[in-house]
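Here is a short report on how the side chains of one protein pack. Please keep the sequence and the model in view while reading.

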Amino acid sequence: MNSAVPIDQLVDRVMAELAKKLSASQAAEQAASEQAGSRKELQQSTPAESESGTDLVSEEDVITSPIPSPKWEEGMSELLASTPARIGVWRTGTRPLTKEVLKFRRDHAAAVDSIYGEASQEILKQFDLFTVETRYENTENYLKRPDMGRIVTDEGIAAIEAACRMKPQVQIVVSDGLSANAVDANLGDVYPALLDSLASYGLSTGTPFFVRGGRVAVMDHIGEIVQPEVLVLLIGERPGLVSSKSLSAYICFKPRKGTVESDRTVISNIHRGGTPPLEGGAHIGTIVKKMLEQQTSGIHLDI
């Protein structure tokens, strides 16, 4: 899923043009300000949106505040470092900065692309994941009817029964969920790290596969079919304006029909700006080992 890339490039191009057009006047004002010993005045009169757009490479960039001379600079820096949320974005008069408006539109477009996109066939082939579908029908219906994303189609059931080893120790399932971008961005690191972690604990895995249009509770239906001891569902999270590439791992001991949400253990925010994918994959393996030792999951699991 690369549809967000042109948006990034467009933002960079626009900001670079703004920087070129204003660089001469900005340099002149800077020189005059330094001679007058009035740097503060210059910061208030020069729009921060004239800065180069080279810091807009990706959504996980380090956030810096364009606020000129904040009253408590140290506190502002600590606040910005503590959250990826949009704070301290400043303004030009009563309007948001052009750079911030463009970044907002870019991130919103990336979120929409994630929901309506499809996971890369190349990465599914790379890990030999065959595909089954739920009864979601299409994306619009998927968003309105979450229940239809919890049930595998009859064709999918037949494919699982034909291809999968029944009653494995650990069953791994991948699903696009609400973010196909999350699968594309993270599976290449998470999945091998998870396999290595399970192998290091001497745990065996069944036949992995991909579920298109899956919701979290699809793991209960799959549990009824395959009957694993532990099922790991790697699924795309609902995208936001901070990241459209966040993956979650829902892990459950013997998921079956009637499993309640408190029986599931989840590791969320697996992406480059959150839990590193390699670290996330390794940690999932540790959680699985503890589930098998304690024969439980969710709120009853001692971790």
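## Tyrosine pair

Tyr142 is buried, because its relative accessibility is 5% and buried means under 20% relative accessible area, with exposed over 50% and partly exposed in between (1.4 Å probe, protein chains only). Tyr136 also counts as buried, at 12% relative accessibility. Tyr136 and Tyr142 form an edge-to-face aromatic pair, 6.1 Å centre to centre and with 90 degrees between the planes. Rings of Phe, Tyr and Trp (its six-membered ring) pair if their centres lie within 6.5 Å; planes under 30 degrees apart count as stacked, over 60 as edge-to-face and the rest as tilted.

This is a predicted model: local features need pLDDT of at least 70, side-chain atom pairs count only at pLDDT 80 or more, and totals for chains, interfaces and linings use all residues. Residues are numbered from 1 along each chain as its sequence is written, and side-chain values use heavy atoms, with hydrogens and water left out.

A search of the whole structure finds three aromatic pairs. One of them is stacked: Phe130 and Phe209, 5.3 Å centre to centre, with 25 degrees between the planes. Phe130 lies in strand 3 (residues 130-133) and Phe209 in strand 5 (residues 209-212), so the pair ties together parts 79 residues apart in sequence. Strands (E, at least two residues) and helices (H or I, at least four) are DSSP runs, numbered from the N terminus.

Phe209 is buried, at 0% relative accessibility. Phe130 is partly exposed, with a relative accessible area of 22%.

## Nonpolar cores

A nonpolar core is a set of buried Ala, Val, Leu, Ile, Met, Phe, Trp, Tyr and Cys residues joined through side-chain atoms within 4.5 Å. The largest has 32 residues; Leu187, Val230, Val232, Leu234, Ile251, Ile284 and Val288 touch the most other members. Elements giving two or more residues to this core include helix 5 (121-126), strand 6 (230-236) and helix 10 (277-294). Helix 8 gives the most, with seven residues.

Leu234 touches, among others, Ile172, Val174, Leu187, Leu247 and Ile284, not counting residues up to four places away in sequence. Contact here means heavy atoms within 4.5 Å. A second, separate core of 18 residues includes Ile157, Val226, Leu233 and Ile235.

## Tyr116

Tyr116 is found in helix 4 (residues 98-116). Tyr116 counts as partly exposed, at 43% relative accessibility.
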